[in-house]
Amino acid sequence: MKSFLLASTILLAATGATMAADAVAVDMVAAPYSWTGFYAGVHGGYAWGSGDGPYPDAAGVRFETAYPEAQGGLLGAQIGYNYQWGSFVLGLEGDLSYSWAEGSSRINIFPAGTDNGGYNETEFTYLASITGRAGYAFDRTLLYAKGGIGFTRLEMNDYDDPAIFNARGSETLTGWTIGGGVEHALNDKWSVKGEYQFYRFSGDIAVNDPVAFRTYEGDFNVHAVKIGLNYKF
């Protein structure tokens, strides 16, 4: 009888220990990560842009073609909101980047396509966008696409060889943008991301300071790669 009671006691103790261990193990299993919430962060990257189009004089007569281009670093910030349904994530994001992009390009005679002895110096001083985001989450890793409205300010300076200044002009341009990337949550608050974004801008740039001189009437396309750090509230 004593042996039976001793065995029963040992069995009950072992069962209790096993249940306690199982409870601890359940507690140690991390809950699925949620992307839902507001976030803000910073980013850096590199952008390059180019275009080509008619470059008529002040009277509207086209006898030249311009090929503006610029490239350089980016530094900026973003803010947004995500909402997650199952593994699907939808969101809205706004971002603004200061740009150091600048470049120089030759001007050609139209329609011959030969060099006219002049060049443009071009820069875009910022990039901004308001985009929707749609993605699929693998727990803490999010793959996403984005698209929406893009903004920039493009400046052009016209010179004759060797460095004779003619005129400058600048304009804020609005266009569309599309891109995608991947974001990974380091913990419940911080995440890192990498993305690519394409921007398409159209609009006339009047090169008319200090006098009416030329107008650029072409498109300007920008490619940007960014890496960023977000904090989720």
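Which residue in β5 is the bridge partner of threonine 65? Hold that thought for a second, everyone, while I say that what you see is a predicted model. The partner is asparagine 108.

Let me step back to the overall layout. Of the 233 residues, 38% are buried. If you take the contacts with a separation of 6 or more, 69% of them are between residues 24 or more positions apart.

Now back to β5, and to its other neighbours. Strand β4, residues 69-85, pairs with β5 in the antiparallel sense over 13 bridges, and in that pairing glutamine 78 stands opposite aspartate 95 of β5. These two strands make a hairpin with 2 residues between them, and glycine 86 in the turn has a positive phi of about 60 degrees. Strand β6, residues 115-138, is also antiparallel to β5, this time over 18 bridges. Here tyrosine 98 has tyrosine 126 in β6 as its bridge partner. The β5 and β6 hairpin has 5 residues between the strands, and glycine 113 takes a positive phi near 85 degrees.

On to the charges, which I know some of you have been waiting for. The count comes to 14 salt bridges. One of them joins glutamate 64 to arginine 214, with the closest N and O atoms 2.8 Å apart. Glutamate 64 sits in β3 and arginine 214 in strand β11, residues 214-216, so this pair ties together parts that are 150 residues apart in sequence. And are those two residues buried or exposed? Both glutamate 64 and arginine 214 are buried.

Another salt bridge is between aspartate 219 and arginine 200, at 2.6 Å for the closest N and O atoms. This one links strand β12, residues 219-232, where aspartate 219 lies, with strand β9, residues 190-202, which holds arginine 200; the two residues are 19 apart. Aspartate 219 counts as partly exposed, because its relative accessibility is 26%. Arginine 200 is partly exposed as well, at 29%.

Last stop: lysine 193 and glutamate 195 meet in a salt bridge at 3.7 Å, N to O, and both of these residues are buried. They also belong to one network of salt bridges with shared partners, whose members include Glu93, Asp95, Arg133 and Lys226. Thanks, everyone!

Terms used. Residues are numbered from 1 along each chain as its sequence is written. This is a predicted model: local features need pLDDT of at least 70, side-chain atom pairs count only at pLDDT 80 or more; totals for chains, interfaces and linings use all residues. Side-chain values use heavy atoms; hydrogens and water are left out. Two strands pair if DSSP finds at least two bridges between them. Helices (H or I, at least four residues) and strands (E, at least two) are DSSP runs, numbered from the N terminus. Buried means under 20% relative accessible area, exposed over 50%, partly exposed in between (1.4 Å probe, protein chains only). Contact means heavy atoms within 4.5 Å. A salt bridge is a side-chain nitrogen of Lys or Arg within 4 Å of a carboxyl oxygen of Asp or Glu.
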